[in-house]
Amino acid sequence: MGSPNGESDVIVIGIGGIGSAVVYELAKRGIDVLGLERYSIPHTMGSSHGYTRIIRRAYHENPQYVSMITRAYERWRDLEDAYGEQLLYETGSLTAGPPTSDLVDGAVTTCEKHSIDYEQLGADETAERFPGIQLPAGFEAVYQSDGGFVRPEAGITAHVRLAQRAGARIRAREEVVGWDSTPTGVTVTTNKGTYEADRLVVAAGAWTGNLIESLDDRLSPERQVISWIQPEQPEAFTPDRLPVFLVSDEEDIHYGIPIFGAPGVKFGRHYHLNEVV
Ligand SMILES: Cc1cc2nc3c(=O)[nH]c(=O)nc-3n(C[C@H](O)[C@H](O)[C@H](O)COP(=O)(O)OP(=O)(O)OC[C@H]3O[C@@H](n4cnc5c(N)ncnc54)[C@H](O)[C@@H]3O)c2cc1C
């Protein structure tokens, strides 16, 4: 092995949704950071593409997420201010299903616990307010007005460009093939060279198990499939007419996002087919 190509305070492996934010936050604080990404930035091979990601406060999964979500809203707004581009769109969120479903019950519990404003709507009321959504009779919906979506690729670009302005070095199309602890820090080997740093951040998403052996058998990356459906009346499915939504039928959760970025309503099933890859 030749001499290292450079030394940094911190090396970040993976410049996706998480790694891009890490390089920015470090560089902003005056830390000498090197980011390494195996593909282009952004790209369509990981978890952070497809124009939109839902952000919502009525988090049915667990009320404990709310403090993190509140902080996430603040940080997205800070990023918009720093970069000068809209990245978060508030459309409202609709969480729907049978009244006893975990989805509806969980959304109400979270809103109540954190004093988040919400409305409970029946199927008819929902269709009147949002003609793009026709729920089965007997379903209930929780509408929360702060819900919406963020732009993942634009967020990555904003973080990386701001990080570079703050002095970060970002190397795309350079794959990390291994790393070692040394008495003073780490040595990281890529397909193009070796680098040294005091500290290492692994933000490799679904590939984390390849880089941290002890996590390999705990992580099971799954294939997710998303569709963009072209409605006959697209005017009912624009961000000003349609909230982001999650609908449960007791077995599955489906979710959707209004037309944005691609000419269709984004629609997917949570966990898709549980297809480990
Ligand atoms: C289809 C889908 C829909 C989702 N919907 C939502 C949603 O609506 N709301 C929500 O909050 N979350 C959602 N999520 C989750 C969210 O998008 C992810 O949690 C987030 O994007 C993960 O970011 P990440 O940085 O961990 O992964 P990634 O963005 O995949 O980044 C990991 C990066 O590491 C790089 N890398 C890996 N190995 C190496 C290596 N050896 N050398 C160099 N680089 C390497 C990869 O190329 C990649 O760029 C969704 C996820 C998916 C897949």
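The structure is a predicted model, in which local features need pLDDT of at least 70 and side-chain atom pairs count only at pLDDT 80 or more, while totals for chains, interfaces and linings use all residues. Residues are numbered from 1 along each chain as its sequence is written, and side-chain values use heavy atoms, with hydrogens and water left out.

The C-alpha trace of the protein chain spans about 70 × 40 × 40 Å along its principal axes.

Of the 277 residues of the protein chain, 44% count as buried. Here buried means under 20% relative accessible area, exposed means over 50%, and partly exposed covers the range in between, using a 1.4 Å probe and protein chains only. The protein chain exposes about 14500 Å², and carbon and sulfur atoms supply 48% of that area. Such areas come from the Shrake-Rupley method with a 1.4 Å probe, and for residues only the protein chains shown count as cover. Among contacts (heavy atoms within 4.5 Å) in the protein chain with a separation of 6 or more, residues 24 or more positions apart account for 65%.

In soluble globular proteins, nonpolar side chains tend to be buried together. A nonpolar core is taken as a set of buried Ala, Val, Leu, Ile, Met, Phe, Trp, Tyr and Cys residues joined through side-chain atoms within 4.5 Å. In this model, the largest such core has 27 residues, and those with the most contacts inside it are Val12, Val23, Val33, Trp76 and Leu79. At least two residues of this core come from each of β1 (7-13), α1 (17-28), α2 (66-83) and α5 (152-165). The element that gives the most to this core is α5, with 6 residues. Leucine 79 gives a view of the surroundings: leaving aside neighbours within four places in sequence, its contacts are Tyr24, Gly84, Leu87, Gly155, Ala158, His159 and Leu162. A second, separate core has 16 residues, including Leu121, Leu135, Ala141 and Tyr143.

The ligand is surrounded by 26 residues, of which the closest are Glu37, His43, Ser48, Arg53 and Ile54; a residue belongs to this shell if one of its heavy atoms lies within 4 Å of the ligand. Both α1 and β3 (53-55) supply at least two residues each to the shell. Polar contacts are pairs of N or O atoms within 3.5 Å; within protein, one must be able to donate a hydrogen and the other to accept it, and residues adjacent in sequence count only if both atoms are side-chain atoms. A polar side-chain atom of histidine 43 lies 2.7 Å from an oxygen atom of the ligand, and a polar backbone atom of serine 47 is 2.9 Å from a ligand oxygen atom. A backbone N or O atom of arginine 38 is found 3.1 Å from a nitrogen atom of the ligand. Taken alone, the ligand exposes 990 Å², and the protein buries 76% of that.

Serine 48 sits in the loop between β2 (33-36) and β3, and it counts as buried because its relative accessibility is 19%. Its side chain reaches the backbone nitrogen of glycine 17 at 3.2 Å. Beyond four places in sequence, the contacts of serine 48 are Gly16, Gly17, Arg53, Pro152, Glu153 and Ile156.

Serine 115, in the loop between α3 (102-113) and β6 (119-122), has a positive phi of about 50 degrees although it is not a glycine. Serine 115 counts as exposed, at 65% relative accessibility. Histidine 272, in the loop between β17 (265-269) and β18 (275-276), has a positive phi near 50 degrees, but is buried, with a relative accessible area of 16%.

How values were computed:
Helix = DSSP H or I, 4+ residues; strand = E, 2+ residues; numbered from the N terminus.
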